[in-house]
Amino acid sequence: MSSSEHLASVMVEEFIRAVEQGVDLVPVVADSTSTAKIKPFVEKFPDRLVNVGIAEQVMIGTAAGLALGGKVAVTCNAAPFLISRGNEQVKVDICYNNTNVKCFGLNAGASYGPLASTHHSIDDISVMRGFGNIEIYAPGTPEQCRQIIRYALEKIGPVYIRLDGKALPESMPENYRFLPGAIDVLAEGKQVVLVAMGSTLHEIVDAAARLKEEGISVGVIGVASIRPCDTSALARELAKYKSVITVEEHNVNGGLGSLVAEVMAENGLAARLQRLGFKDGEYAIAADRTSMRKHHGLDSESICSDVRQLLNRKVEATA
């Protein structure tokens, strides 16, 4: 894996690039200039940023109005506050009215760590999947993030992009090309397939590499495009395996685990499914990321352990 980049920094670089290429882009923030790492953009284009203060509902309404006036409006603030405080406005002003607003949910998942559940966003994908019209993406690497943002700024219509709050390594091949709806098959396996979205992608890539050294063949699939999603392609890949493990820094309900379960059920796949994430009715613990992921079984070491246990159970069942 190559050196890591913070996805918010990638976002700002793409905003600058877009304006320099003639896109009439206006970022709207809710006193979240630091969270958005927007300073380089403001230094180049000081008249383009709108800061409404700590008022997420106003942020969404303002962005919708700018979009109706012909601007490419982008909102940049912490995912937990976008999802909870701006919920109705996202649903009505952006989704129902199909306005050309791109919502960036920053520091998603449990990125805020010790700040605990008031600052964690472990339900954003499930909430957004309940709204109509809006496309939903969760990039897992800097290059994937870069290409998703370029696509989103060109597309007319609502988009939600979930961005992690930590620097992430590059896991995509050099010839990677983002296509909306496409899944990313990063490794073929024979026994188990690991499926992840967003910031847990590098965890399953690392887990697969460790398991390979033990002679365990594991497939790796990234799902950054939640909506649209090529569910037929996903079903074809999942059908190759007898066991599927999904990994996400999100509640197991309504996110990637649910999406995969739906695909498996609707296509009659008989594989065993194990969903790793925050369990039903559970909050993420208040801790640094390393400790949090280990506690909830979302780190590569825990994923390897789950794969070994799964395979051991299958051996015992056939003995």
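**Close-up views of a predicted model**

**View 1. N98 is located in the loop between helix 6 (87-96) and strand 5 (101-106).** Helices (H or I, at least four residues) and strands (E, at least two) are DSSP runs numbered from the N terminus. The model is predicted, and local features need pLDDT of at least 70. Residues are numbered from 1 along each chain as its sequence is written. N98, a residue other than glycine, has a positive phi, near 55°. Its relative accessible area of 43% makes N98 partly exposed, a class between buried (under 20%) and exposed (over 50%), with a 1.4 Å probe and protein chains only.

**View 2. N133 lies in the loop between helix 7 (124-129) and strand 6 (135-137).** Although N133 is not a glycine, its phi is positive, about 75°. N133 is partly exposed, at 46% relative accessibility.

**View 3. A cis peptide bond links R227 to P228.** Omega of this bond is near 0°. P228 belongs to the loop between strand 12 (225-227) and helix 10 (231-238).

**View 4. The second largest pocket is lined by S117, H120, S121, I122, D123, N251, G281, E282 and Y283.** A pocket is an open set of points on a 1 Å grid over the protein atoms alone, where a 1.4 Å probe fits, with protein on both sides within 12 Å along at least five of seven lines; lining residues have an atom within 4 Å of a point. The space in this pocket is about 160 Å³, a volume being the space filled by probe spheres set on the points, which are joined across faces, edges and corners.

Definitions and conventions. This is a predicted model: local features need pLDDT of at least 70, side-chain atom pairs count only at pLDDT 80 or more; totals for chains, interfaces and linings use all residues. Side-chain values use heavy atoms; hydrogens and water are left out.
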